[in-house]
Amino acid sequence: MKQNEEKNFTNETPRMHFDRRSFLKLSGFGLTGAILSSCSGGKVDKAIPLLIKPEEITPGVSNWYASTCHGCTANCGVTVKSRDGRPIKIEGNKLHPVSKGGVCAVGHAQILSLYDSHRLKGALNNGDLTSWENLDTTIKNKLEDIKDKKIYFLSGTIASPTTRNTINNFLKQFPNSKLVEYDAMSVSAILDAHKENFGARVLPRYKFEKAEVVVSIDADFLGSWISPIEFTAGYTSLRSLENNPNQFSYHVQFESRLSLTGSNADKRISVAPQEYEEILTSILENIQTNKKQKNKFINSLAEKLKEHKGKSLVVCGVNDLRLQLLTNSINYILGNYGATIDIASPSKQLNGSDEDLEILKNDVANKNVGAIFIANSNPVYDFENGNEFGKQLKNIPLVVSFASYNDETAEFSNYVCPTPHGLESWNDSQIVDGVFTITQPLINPQDDTRTIIESLNSWTNKKETSYDSIKNYWKSEIYSKTSTAPTFEKFWNKTVHDGFAEIKNNNSVRNFTNSNPPQKKSIKNINGEFALVLYEKISIRNGQNALNPWLQELQDPITKISWDNYASISRKTAETLDINEEDVLLIENGNLQIELPAHIQIGQNENTIAIAVGYGRKGTNRFTDIGPEWFQSVKTVEKNEFVGKNIFPFLKTEFVKISKTGKTRTLANSQEYNSLQLPKELGYKKEERAIFQKTSFDEYKKDQSSGSIHHGELLSLWTETPRGSDIHWGLSIDLTKCIGCSACIVSCQAENNIPVVGKDEMHRDRDLHWIRIDRYYNEYENELDVLFQPMLCQHCGNAPCETVCPVLATVHSEEGLNQQAYNRCVGTRYCANNCPYKVRRFNWFEYEHNDDREKLVLNPDVTVRERGVIEKCSMCIQRIQEIKILAKKEGRKISDGEIEPACAQSCPSQAFVFGNLKDEKSKISKLSKEKRAYHVLEEIGVKPSLTYLTRVKNREKETTQHG
Amino acid sequence: MNKRLVVTYFNNEKDLLHATSFAKKNKYEIQDVFTPYAVHGLDDAMGLKTSKLGIVCFVLGITGAIAKLWYQIWTSATDWPINVGGKPLNSFPAFIPVTFEVTVLFAGIGTTIYFLLSDSRRWKKKIRPNYKTVTDSEFALVIVPNNAVYDFSETKNRFKQFNYLRMEEIIEKVNNEKD
Amino acid sequence: MDNKYSILREPLVLGNKSIAEVTNDIAKPLEKKSSKLWWICFLTSLLILSIGMVAVTHQISTGLGTWGLNNTIGWAFDITTFVFWIGIGHAGTLISAILFLFRQKWRTSVNRSAEAMTIFAVICAGAYILIHMGRTYFGYWLIPYPNTRGPLWVNFRSPLVWDLFAISTYLFTSLIFWYVGLIPDLATLRDRTTSKIKKGFYKFFALGWTGSNKTWHRYETVYGLLAGLATPLVVSVHTIVSWDFATSIIPGWHTTIFPPYFVAGAVFSGFAMVLTLMLVVRKVLHFEDYITLHHVENMCKIIILTGGIVGLAYATEFFIAMYSGNEYESFTFINRALGPMSWAYWIMVTCNIVAPQFFWIKKIRRNVVAVFIISIFINIGMWFERFVIIVSSLTRDYLPSSWSSYSPTIIEIATLIGSFGLFFTLFFLFARFLPMISIGEVKAVLSYGKNGEQK
Amino acid sequence: MNSRITTIFLSVGLLLTLWVFLFSFTDQIKLPGDNTGFEPPQPINYSHRLHAGEMRIVCQHCHTGAEVGKHAAIPSASTCMNCHKNVTAPFLEVKQEQTSADMEKRQPKLIVSTELKKLYDAVGFNPDSNKYLNKSKPIAWARVHSLADFVYFNHSAHVNSGVDCQTCHGPVETMERVRQVKDFTMGYCVNCHRTSNLSGVNGKNVHAPTDCSGCHY
């Protein structure tokens with residue numbers, strides 16, 4: 001059955017000259033070759049219909065199902081598009097109470113890892129495949145033997161209540177067993193701090209949508225901290241001027257590396273980690289005792305905080321109890337608990353405990369563990385003493401891993417019980433207290449896998465699928481708590497349909513008990529040493545997505561580098577130690593050593609060096625053969641080498657020495673010039689290009705059009721005749737809202753079948769992304785100011801690309817779109833040259849999928865482009881057509897907001913708005929008439945259909961300079 | 001019926017020119033003159049009218065121009081009016097370059113073809129004297145003696161003054177086989 | 001014509017040749033067995049050509065990524081070299097057509113090979129047009145032919161379509177012009193040659209030419225007409241090529257003075273190339289008497305003139321860029337002269353502006369070696385001119401985020417060299433089988449510059 | 001000599017005109033990419049003449065996808081079984097058996113036509129016991145009408161704006177085995193779109209896109 005389906009859809013994935021390309025290559029040029037090439041006659045291709053057609057499936061019509069994303073522990077709500085029985089796109093669930101319709105880059109990319117054929121095909125017994133029956137019996141026997149030894153269940157944060165319940169039931173059989181949860185990038189200190197202050201070990205739920213003043217100490221809450229999508233939605237809701245032009249939150253960021261959050265802050269102060277404490281204490285002192293501090297800014301900030309009691313929020317991303325306690329007391333004094341910080345219904349998204357972990361580590365080291373089960377985690381990779389830990393595992397009689405890849409940990413376990421992909425199995429999760437979500441499978445498990453619940457059930461001789469277990473648990477535990485739905489079935493069906501259920505809980509507000517913080521650590525700082533800062537990239541995160549080519553190729557929004565991790569150092573450091581970009585550095589602390597290429601990063605604190613975790617994952621060596629091969633091509637990864645280096649061994653290291661090795665390593669940096677200001681050496685003082693228009697909130701309040709420069713109507717060389725239908729599609733991008741999270745890039749890649757090109761091509765500036773996010777460094781009062789500008793086809797009314805195309809491959813549609821007919825294109829690249837925005841992409845090579853199963857992710861409504869043709873943003877024309885046909889069938893007009901391009905659909909901050917510019921009432925035409933609205937390069941008279949809205953930051957005075 | 005021709009050979013263009021004009025004056029029917037290169041003044045000496053190739057060329061050119069211009073406007077404004085870069089459907093100025101090129105193409109190729117076709121009629125005739133030499137270094141004047149008063153030696157004497165190399169009398173069969 | 005017997009001018013042909021001798025001198029090399037030197041030259045160029053072929057094959061079968069291009073820089077070596085070759089071609093037409101119309105007698109001994117050069121250059125250019133396409137095998141879509149796509153034709157607003165028409169017209173017209181000029185000489189050869197095959201060959205293409213003055217009369221007319229057509233054509237072709245850039249919106253491309261600037265540049269580079277070739281031919285085939293220093297000097301003078309125009313154009317570009325006050329424009333030009341690609345710019349300036357100044361000195365104009373070297377410099381300079389215009393403008397245009405840099409791949413370089421291989425292969429074949437100098441026309445000017453007496 | 005040049009020019013001219021003609025009369029001469037008359041053998045000799053012609057079963061009865069989705073979709077075997085669970089052979093054969101059975105005074109044998117046998121094998125149906133017992137295996141039909149991969153064609157859009165199936169597929173109800181009658185070239189589509197924009201479809205005004213993005217994306 002499934003086979004037939006597969007046949008069916010592989011049949012219909014569009015491919016240009018699929019079967020005759022090889023011939024074309026041989027025939028080279030010449031008329032005969034071309035004429036023959038266009039023949040497809042004679043060839044009979046088979047069409048295999050389903051024998052028995054399921055009710056809801058109509059070939060060629062896609063259905064949407066609500067589910068939950070498992071890209072990280074934030075568990076955002078998603079809806080998944082299924083076409084002919086195969087899921088092909090993940091998008092945000094607009095109804096979802098927590099993620100509010102946003103999905104991050106990682107979330108979008110999950111659809112690709114679903115079709116990853118490198119996942120384990122079945123259960124492993126010491127490395128070789130075995131049947132589940134055998135495995136179960138052996139494991140059960142082993143468990144019999146070591147009944148009363150110490151048994152650990154080590155797992156990453158478990159969001160699923162059912163799973164947790166099952167695990168507990170399973171562990172109950174054994175006298176001294178323990179469930180230990182940990183997180184690779186731990187926030188344990190936050191929970192511990194709250195235990196001290198409130199007596200409950202909880203992770204508070206931060207309500208950024210209520211915080212008018214946000215102070216963040218090294219917390220990258222827009223990028224990778226706890227629940228970025230939720231926070232982004234909240235954060236931007238207070239910075240959306242079209243809704244409320246008089247309100248704008250104020251955000252201060254103290255950090256050592258330039259994070260995504262920092263680059264969006266109104267005021268960013270670069271400090272070394274050892275200074276965080278001083279900052280917190282001085283703030284605390286000021287608000288406690290009104291005692292003025294040396295640092296003027298701290299005082300003014302404290303004043304602001306005091307003005308916004310209960311409307312402010314101080315967050316600290318450092319996993320250090322002392323700092324967290326300070327933070328708590330500040331928030332408490334400011335009365336933020338219960339207002340902007342909710343511990344009554346806390347977040348469940350991270351739950352790890354370093355304390356428990358330490359105990360476990362000791363026990364393992366001291367060989368008094370009988371059995372260990374490892375789930376949702378990869379300790380051998382992400383422990384600071386991973387390899388050592390792996391060796392120690394060898395002394396444990398029973399080591400079971402639930403990894404779905406043959407990863408670092410699986411290698412050291414006796415048995416591996418592979419778990420299916422998030423979209424292949426039923427699951428549930430409790431994101432925050434009171435919000436339960438359902439994970440609905442979209443496809444049968446492609447490999448012989450089993451969920452944790454099922455495995456544990458079969459070891460406790462319970463014949464129950466995870467679906468049953470979940471349903472039963474919900475019936476008994478969750479449904480009972482709610483009184484909304486009359487019957488459980490109704491409740492269950494609604495929940496599965498919506499993807500979540502909200503259950504109000506009546507936890508009492510706990511009261512604050514001040515606790516004296518632990519003795520401050522004496523921070524040694526021998527000069528010549530640098531504070532080491534480890535961070536998560538928004539794409540790879542803690543390493544669990546390292547095997548996903550889309551995420552590997554996604555440029556870091558700040559450094560614009562893909563396919564590598566690197567040591568970010570400040571320019572000053574680079575000058576003093578005479579280090580150039582791409583020089584390989586030796587980073588060492590005692591016997592710990594690692595070699596990484598240097599990246600000179602503006603905004604990096606000069607006493608620190610920042611390195612991204614999650615690289616050097618086992619299995620990334622498969623990317624050797626990704627990207628094209630030709631005379632001068634360079635492999636993405638050398639044979640049996642990994643993408644980047646694993647920095648986790650340095651997890652607990654605070655200071656490192658660095659030295660040059662004399663080697664160099666190329667970094668695939670896709671943006672060569674980083675400033676709006678023209679190069680000084682060319683005799684330009686401070687000339688700035690007005691393509692990114694910005695203003696300060698104060699200026700904005702005075703004059704809404706401040707900062708936007710208009711050049712007025714340009715004369716036309718010919719008489720402009722109004723053309724086209726009553727529709728003119730347009731897109732507006734609010735630069736105030738866009739935080740540069742890059743979700744749109746991956747969403748677009750998934751929607752439009754954009755191939756992965758590999759490191760060498762990225763390095764040669766040949767990325768194929770239809771939308772890119774330009775990042776400019778600018779100066780504001782001698783401080784770094786980072787600008788993000790999504791750049792995609794502007795669908796110009798007077799498109800320069802169209803006039804120059806010799807074969808009419810790109811012309812204008814009557815709905816104001818700039819169309820590209822791939823099959824007509826002959827590839828002169830003239831249009832790309834003549835595009836002032838340089839958003840046209842050329843298929844330099846034939847980009848094969850490095851994995852056959854990956855082809856199933858292709859969107860059947862979008863042509864897979866052949867070598868030698870130009871492609872570019874089509875404004876998701878396939879979606880427009882789909883809705884147009886639907887509306888036509890139902891004999892109605894298209895309603896505003898009904899069509900959403902991939903980029904707009906799941907933008908966590910709703911920076912994109914798509915619609916009909918000719919419809920007076922549509923949101924887009926309102927926005928395009930806003931005072932802030934402007935077109936990029938409108939002075940060259942190409943009449944773009946895209947509108948940008950001036951970026952506003954909460955500052956005294958700042959407007960677009962223009963030379 | 002056969003035709004009698006007198007061929008006189010010279011080794012430089014001056015003598016030839018004089019001889020030709022002499023022949024013309026004396027009512028000799030000048031069949032043709034053969035030269036290794038285009039001798040200036042010979043046309044007048046032979047009294048050739050300027051050819052009408054110029055008109056042919058002009059007409060062809062105009063035809064090309066009109067045809068092409070119409071074709072361009074028809075394809076881009078009438079047959080399938082497509083909005084290309086917001087330009088007017090009939091972007092007349094943009095159609096000029098191609099129109100010009102086609103004009104030249106038609107005129108150039110057309111004229112040449114016309115010339116070759118029309119002239120090859122003459123080349124066909126095998127009225128050429130010893131042709132080894134006329135394409136190399138010698139000049140040949142071919143006259144048709146007017147039968148009334150004709151005497152070979154007499155003619156010889158009359159052309160003596162032009163110090164010709166030699167003078168021959170040949171009989172040409174009218175419409176004989178191709179070469 | 002009237003100054004035929006003047007003694008003020010120096011003769012165009014030296015060594016008191018008789019008409020017969022002329023025929024001999026020019027036809028001899030074609031009748032002798034091919035010399036060792038010729039074989040060496042021919043085989044080398046053939047080798048270079050094959051290198052190019054290998055590169056092109058790799059590129060077409062693998063993809064255009066084998067060139068150093070990227071998202072920002074869509075054209076580099078390909079179009080640069082295309083424009084370069086078209087430019088080279090122009091001298092040929094100029095010498096044969098324009099000088100003919102101006103009755104410049106000295107053209108006679110160089111026009112034949114100059115025209116040949118034109119044709120070969122245009123062929124090279126055409127080849128580049130083909131291989132620079134992503135889907136070469138659909139190149140024929142640029143031709144508006146009746147098809148199954150219903151009413152879908154081509155975009156006559158696109159300079160590339162103009163190019164297609166301009167270049168094909170140029171090729172055909174030059175070909176015809178060249179061939180018509182050849183007919184009498186082919187006849188001469190036909191009548192001289194002894195070898196059967198060659199005779200057959202010449203006979204076929206001589207179309208039975210007799211040398212009848214009636215034909216000569218009409219022949220001259222046709223030749224004149226063709227010359228008349230070719231003259232505006234040659235101007236239009238490079239004008240259109242320049243429009244590829246002038247009609248775009250990229251600062252540095254979008255420049256109104258491009259047409260005259262490009263035409264002048266073309267003639268400039270063309271003559272340099274003619275000199276380069278002629279000086280070699282002259283030596284190898286012993287044509288010193290026909291291609292005299294007088295010829296060389298004349299060409300040098302033209303180079304000074306056109307070089308001057310080109311220099312003026314450079315200056316104007318800069319002035320306008322600054323004067324217009326257009327930020328993008330002015331930046332592009334500052335960047336061109338001082339930016340990361342300034343090296344290319346300064347090579348261009350030295351080769352195109354400085355080098356030709358030496359021609360003011362008569363000694364140098366009449367010193368074959370010096371002229372040869374300078375002509376080579378000019379060729380290089382003119383290639384770089386196009387490179388600078390195309391690449392340096394593309395590297396840094398409107399949005400700083402998309403600024404990029406360019407470096408050629410081995411494949412690209414091999415292709416460039418290969419195109420020269422193609423050119424010289426064709427040229428040497430021509431030198432072997434067809435008269436390098438127009439026999440008929442030289443005979444006509446034998447007496448030029450001497451008093452009438454002939455042997 | 002004369003003749004040589006003439007022949008050269010004439011032949012060239014002839015070739016050109018011939019070529020132009022070839023392309024202009026598309027319906028006379030088949031062009032590359034034109035599969036008119038394509039009639040592949042099918043795994044089961046299903047007769048549209050019988051079902052759509054004689055029985056007058058409307059197209060969408062089996063090709064359900066046509067008005068809802070992109071594909072008109074070859075019906076799944078279960079659709080056939082709706083009727084052929086009971087109808088196992090042509091009426092006449094059954095009748096004949098009946099009469100002969102009556103004459104021989106015996107129970108009429110169940111007659112299963114050879115073609116339906118294939119269907120039953122496919123769905124694993126046992127006509128004698130009238131139950132689904134055996135293993136099922138899919139039927140691999142040969143695709144008759146196929147457009148280039150880079151063309152997006154949506155049946156529902158056309159069916160719902162009143163285009164008859166026959167307009168593109170020809171008189172299928174008269175065909176024993178389905179044959180392609182129209183050349184599915186771009187010209188064919190575009191010209192139809194243009195005319196229906198002017199004159200409408202079956203008297204109904206329609207808006208058929210003539211933009212590239214109507215079909216290519």
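Predicted model: local features only at pLDDT ≥ 70, side-chain atom pairs only at ≥ 80, totals over all residues.
Student: How does the radius of gyration of chain C compare with the globule rule?

Tutor: The radius is taken over C-alpha atoms, and the globule rule is 2.2 Å times the number of residues to the power 0.38. For the 455 residues of chain C the rule gives 23 Å, and the radius of gyration is 23 Å, so chain C is as compact as a globular protein of that length. Its C-alpha atoms fill a box of roughly 75 × 55 × 45 Å along the principal axes.

Student: And what about chain A?

Tutor: A compact globule of 963 residues would have a radius of gyration near 30 Å; chain A has 28 Å, which agrees. The box for its C-alpha atoms is roughly 85 × 75 × 70 Å along the principal axes.

Student: Is chain D compact or spread out?

Tutor: Start with its elements. Chain D has 10 helices and 3 strands. From the N terminus, their order is α-α-α-α-α-α-α-β-β-β-α-α-α. The radius of gyration of chain D is 25 Å, well over the 17 Å that the globule rule gives for 217 residues, so chain D is more spread out than a compact globule. Along the principal axes, the C-alpha trace of chain D spans about 95 × 50 × 35 Å.

Student: Which domains does chain A have?

Tutor: Domain bounds come from an automatic or database domain assignment. For chain A it gives domain 1 (50-115 + 421-506), domain 2 (203-344), domain 3 (530-669) and domain 4 (688-953).

Student: How do I read the interface of domain 2 and domain 4 of chain A?

Tutor: Begin with the centres, taken over C-alpha atoms: 34 Å separate those of domain 2 and domain 4 of chain A. Next, contact means heavy atoms within 4.5 Å. In chain A, 21 residues of domain 2 are in contact with 23 residues of domain 4. Then comes buried area, the accessible area (1.4 Å probe) that two parts lose on being put together, summed over both. Domain 2 and domain 4 of chain A bury about 1800 Å² between them, and carbon and sulfur atoms give 63% of that. L241(A), E242(A) and F248(A) supply 28% of the area that domain 2 buries against domain 4, more than any other three residues.

Student: Which side chains meet in a salt bridge there?

Tutor: A salt bridge is a side-chain nitrogen of Lys or Arg within 4 Å of a carboxyl oxygen of Asp or Glu. The rule finds 2 across the interface of domain 2 and domain 4 of chain A. K737(A) and E242(A) form a salt bridge, at 2.8 Å from N to O.

Student: What does a salt bridge between E255(A) and R268(A) tie together?

Tutor: The closest N and O atoms of E255(A) and R268(A) are 2.6 Å apart. E255(A) lies in strand β11 (residues 250-255) of chain A and R268(A) in strand β12 of chain A, so the pair ties together parts that are 13 residues apart in sequence. Over all chains, the count comes to 79 salt bridges.

Student: How many residues does the contact take from chain A and chain C?

Tutor: The contact takes 70 residues from chain A and 70 residues from chain C. The two chains bury about 6000 Å² between them, 59% of it on carbon and sulfur atoms. The rule finds 3 salt bridges across this interface. D78(C) forms a salt bridge with R829(A), with the closest N and O atoms 2.9 Å apart.

Notes:
Residues numbered from 1 in each chain as written. Chains lettered and ligands numbered in written order. Heavy atoms only, no water. Helix = DSSP H or I, 4+ residues; strand = E, 2+ residues; numbered from the N terminus.
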